[in-house]
Amino acid sequence: MGDDRTVHLKDYAPYPFLLHDVFLTFELHPENTRVESRLQFEHSTKDRDSIDLYGEALELVSVSLNGKALAAEEGYVIVKDSKVVGDVLRIKHLPPQTFTLEIVTKISPATNTTCEGLYQSSGNFCTQCEAEGFRRMTFFPDRPDVMSKYTTRIVADKSTNPVLLSNGNLIAQEELGDGKHSATWQDPFPKPSYLFALVAGKLVALEDAFTTCSGKKVDLKIWTTDKNKDKVGWAMESLKRAMKWDEDRWGREYDLNIFNIVVVDDFNMGAMENKSLNVFNSRLVLATPETATDSDYIHIQGVIGHEYFHNWTGNRVTCRDWFQLSLKEGLTVFRDQEFTSDLNSRLVKRIEDVQFLRQNQYPEDAGAMAHPVRPPSYEAIDNFYSCTVYEKGAEIIRMYETLLGKEGFRKGLDLYFERHDGQAVTCDDFYRAMMDANGYDGRNLFLWYQQAGTPTVELSSQYDEDKKTLTVRMEQQLPATADTSEEKQPMLIPVALGLLDSSGKEMALGRMSEDGAEAVDLGGVTTTVIRLMRKQQTFVFEGIPSRPVLSILRGFSAPVKIRSDRTEQDLMLLLSYDSDAYNRWDSAQTLAKEEILKAWRAGAGKAELRAEFIDAFRKVVADKNADKHFISQVLSFPSVSELLEEVGSTDPTAVFAARNAVEKSLAEALEREMLEVFTSNRSSEAYKVDNEGIGRRALMLTALRFLSSLNKPEHNERALKAFKEANNMTEQVGALRCLCKNDNELSRKALEDFYQQWKHDDLVLCQWLRIQAQMETPNNLDKVRRLLDHEAFDLKNPNKIYSLILAFSRTYTNFHAIDGSGYSFITDCILKLDKSNPQVASACTECFTSLRMYDDVRQQLLTAQLQRLAKEENLSGNVSEIVHKCLK
Ligand code: PHE
Ligand code: ZN
């Protein structure tokens with residue numbers, strides 16, 4: 001097929017030229033920006049007659065080669081290549097060795113609604129180049145394996161654009177006539193085009209400085225519009241923590257004397273790691289206690305860290321091609337997870353990350369867009385900035401660490417930097433550095449990059465009273481996934497295992513043998529990491545004095561599902577006593593899952609809970625010694641998407657109802673305890689983002705959530721009081737959320753008050769939209785429809801779209817309404833959005849990818865809407881890839 005857009009990893013070929021230096025001049029104008037680019041090329045292996053550059057939505061003004069203007073057709077042609085997004089500018093009759101190209105293009109940032117390339121946000125100019133946005137400014141070898149040194153001159157009207165920024169160092173500034181001025185920036189580090197950035201506009205900076213471990217002073221600036229300048233203090237603090245932590249933990253020092261962060265309101269993603277000029281979505285920078293929640297605070301710190309850490313893992317060592325995206329993203333997510341763990345609570349962070357993975361990545365692996373961490377092919381690369389590439393990718397990195405140990409992992413990372421600094425490399429290169437530094441043979445580990453799907457490890461154990469041996473049999477199952485029909489190979493799965501005796505005490509592990517081989521001495525440790533790498537393996541532990549309870553997959557040592565023959569009593573013992581907090585939490589998850597599925601099977605509106613279940617949770621709620629945040633995590637049941645995976649093709653609203661019923665029944669049974677927890681954790685103390693405060697608020701709000709599920713007047717009044725008295729956004733919005741479990745006078749009034757209080761603050765309004773979009777009360781779609789026309793909404797702003805439209809697509813009662821109204825509403829929205837911003841449109845299309853999880857009627861309804869999308873002419877490549885994969 002000539003117009004097949006699919007790009008394959010196996011077709012990778014190096015770019016046949018070196019591009020040493022890039023000189024850019026931007027003459028900024030909202031509708032008529034002129035971009036002049038001078039490119040100094042060298043043939044790389046053999047001399048070629050022509051060179052291909054990529055461009056999209058450009059007006060080409062002129063092309064010259066070695067100073068001579070070229071005529072169209074004779075000197076260059078514009079051609080189409082189905083594998084290239086946009087157009088290909090092919091320049092002919094190249095001289096041998098080296099040559100210089102000069103290209104002039106015109107673009108219109110003000111009418112660019114895609115948030116890619118050069119665009120305007122709140123009147124300021126900014127760029128977004130990853131993955132293929134650079135080509136929206138000029139024709140260019142816009143691929144990550146072409147690394148060059150950039151010099152960028154920006155010319156702009158001084159009154160509207162007093163601040164002019166780009167990567168690297170400021171090397172010149174000029175006052176020009178006509179009220180114009182210019183700034184020239186030079187980045188000494190070679191980089192691919194996706195790390196380029198330019199910002200111009202009316203901005204003010206919060207300034208600070210950081211002295212690196214070798215004594216170098218780095219100026220830190222966070223740029224924002226005047227009205228937000230008081231909200232960037234936390235981000236600055238986070239940046240300094242990140243710089244320090246990267247030195248302390250990994251020996252990585254910053255490499256320039258300046259580091260800029262720019263805050264923009266219109267941004268498709270979270271943030272972007274452009275060299276020395278990070279660009280951030282405002283929701284990931286701006287924070288005050290009154291406007292941001294605890295999770296916003298922790299998230300901001302994590303993403304500031306993430307983008308900063310990219311300077312080494314992504315920028316200094318970058319990706320050879322976009323198939324290797326996880327090389328930088330998986331590794332950098334792992335680094336930001338560790339950062340948060342070291343600075344805040346390791347146990348809470350680990351559980352949060354597992355929750356996120358199960359709720360988002362497992363469904364992706366089980367859905368129509370399933371892909372390996374390193375996909376072998378794609379149609380639109382934007383669709384692969386996925387939980388699989390990011391979060392599952394981070395789990396792969398964590399498995400290296402689990403297998404090699406902390407020190408071994410550090411040695412591997414050091415070798416990776418030593419070998420590849422300044423290069424564009426692959427996941428294989430990372431793997432090799434890890435193996436070589438440790439003399440390790442992790443053969444089947446690499447399959448984690450190549451095979452999609454969540455493996456299941458089935459585990460059974462037998463205790464021999466006479467021989468005092470425990471035999472553990474493990475088997476791995478690799479599910480079929482939508483991306484391939486190929487048979488899957490067994491992978492290397494590290495399973496961290498411990499044993500508890502019947503009183504909950506850890507047992508010392510002595511000798512262990514595998515499949516009849518010579519036994520090894522584990523030296524009395526209490527956790528051992530078993531390497532499961534064949535389909536089936538059997539392990540025998542000797543000298544186990546009594547029948548143990550198995551604590552499996554400690555710390556979530558691999559991104560798998562566990563099926564085991566452990567009894568409910570075993571799980572309850574683990575919940576109470578396991579030294580591994582992740583496993584305590586996970587035992588509660590399994591218990592809750594069983595209880596919910598039981599209620600679902602019974603199909604009644606009310607769940608009859610067993611006394612043992614209630615008692616287990618009562619003990620957790622009343623535990624005065626446990627970490628409060630941890631208790632609130634134990635009290636958050638598995639998500640509906642997780643439960644659906646367990647039962648397959650069924651009515652999602654019934655599973656949702658069963659989950660609610662169990663919550664409600666538990667609230668009834670533990671009403672007194674919940675009330676006690678709620679009351680004792682209320683506090684009027686000044687807000688502080690520390691573990692204690694965060695934990696207290698999380699637990700207080702969790703108790704309130706349970707109480708609110710009872711829909712009793714006295715609890716609703718409690719929620720209202722908490723809402724009114726809140727001195728911080730965590731409690732205010734948390735209480736509002738509880739109130740909005742029910743659609744009544746109180747919740748309507750609270751929503752109105754909240755709006756009046758915050759109508760000037762777009763980020764807080766996102767919370768307001770989100771809460772309403774996610775109300776599970778009947779006929780909520782009408783409200784969502786009305787909100788589309790509300791002045792608080794803006795169809796041009798990605799954050800607002802995510803808060804209203806995307807949030808709605810993640811609900812049950814209304815999105816999955818059996819009349820299909822939710823599905824057709826989303827489809828209408830996608831069609832509208834696709835014309836202005838395809839990336840945002842495809843994010844909203846993701847809700848279709850789990851269609852096989854639902855009952856037949858819903859599958860048919862969803863299919864009808866997918867067909868409606870497929871029929872649309874000029875559908876973007878982004879949306880069309882998802883639609884066609886869903887319909888396959
Ligand atoms: N590379 C960004 C990150 O740090 C994400 C991103 C991708 C931002 C594409 C914009 C566009 O994860
Ligand atoms: Zn990243």
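This is a short tour of a predicted model, with something to select at each stop.

**Before you start**

The mean pLDDT of the chain is 98, and 100% of its residues reach 70 or more. For the model as a whole, the scores are ipTM 0.99 and pTM 0.99.

**Stop 1: the ligand**

Select ligand 1 and then the residues around it: Gln128, Glu130, Ala131, Met269, Ala271, Met272, Glu273, His306, Glu307, His310, Glu329 and Tyr385. Strand 20 (271-272) and helix 2 (294-309) each provide at least two residues of the shell.

**Stop 2**

The peptide bond that joins Glu130 and Ala131 is cis, with omega about -5°. In general, most peptide bonds are trans. To place Ala131 in the fold, look at the loop that runs between strand 11 (124-128) and strand 12 (148-157).

**Stop 3: two annotated spans**

An unreviewed entry lists residues 234-440 as "domain: Peptidase M1 membrane alanine aminopeptidase". This span is 57% helix and 10% strand, and its end C-alpha atoms lie 42 Å apart.

UniProt, again in an unreviewed entry, gives residues 453-564 as "domain: Peptidase M1 alanyl aminopeptidase Ig-like fold". Here the make-up is 0% helix and 46% strand, with 19 Å between the end C-alpha atoms.

**Stop 4: two residues with positive phi**

Most residues other than glycine have a negative phi. Two residues here are worth a click. Select Phe556, in the loop between strand 32 (549-552) and strand 33 (561-564). Phi of Phe556 is near 55°, a positive value.

Then jump to Asn779, in the loop between helix 19 (762-773) and helix 20 (780-788). Asn779 has a positive phi too, about 60°.

Asn779 counts as exposed because it has 12 other C-beta atoms within 10 Å, and the exposed label applies at 12 or fewer.

**Stop 5: the nonpolar core**

In soluble globular proteins, nonpolar side chains tend to be buried together. The largest nonpolar core of this model has 258 residues. Which residues have the most contacts inside this core? They are Val262, Val495 and Leu704.

Zoom in on Leu704. Leaving aside neighbours within four places in sequence, Leu704 is in contact with Phe678, Arg718, Ala719, Ala722, Ala735 and Cys738.

**Stop 6: Ala588**

Finish in helix 9 (residues 581-602), where you will find Ala588. Ala588 is buried because 23 other C-beta atoms lie within 10 Å. Beyond its neighbours within four places in sequence, Ala588 is in contact with Leu575, Val620 and Val634. For a last exercise, draw a distance from Ala588 to Leu574, C-alpha to C-alpha: the two are 14 residues apart in sequence and 8.8 Å apart in space.

How values were computed. Residues are numbered from 1 along each chain as its sequence is written. Chains are lettered from A and ligands numbered from 1 in the order in which they are written. This is a predicted model: local features need pLDDT of at least 70, side-chain atom pairs count only at pLDDT 80 or more; totals for chains, interfaces and linings use all residues. A residue is near a molecule or strand if its C-beta atom, placed from the backbone, lies within 6 Å of it. Helices (H or I, at least four residues) and strands (E, at least two) are DSSP runs, numbered from the N terminus. pLDDT is the predictor's confidence in each residue, from 0 to 100. A nonpolar core is a set of buried Ala, Val, Leu, Ile, Met, Phe, Trp, Tyr and Cys residues joined through C-beta atoms within 7 Å. A residue is buried if 20 or more other C-beta atoms lie within 10 Å of its own, exposed if 12 or fewer, and partly exposed in between; C-beta atoms are placed from the backbone. Two residues are in contact if their C-beta atoms, placed from the backbone, lie within 7 Å. UniProt positions are given in the numbering used here, feature names are shortened, and annotations may be inferred rather than shown by experiment.
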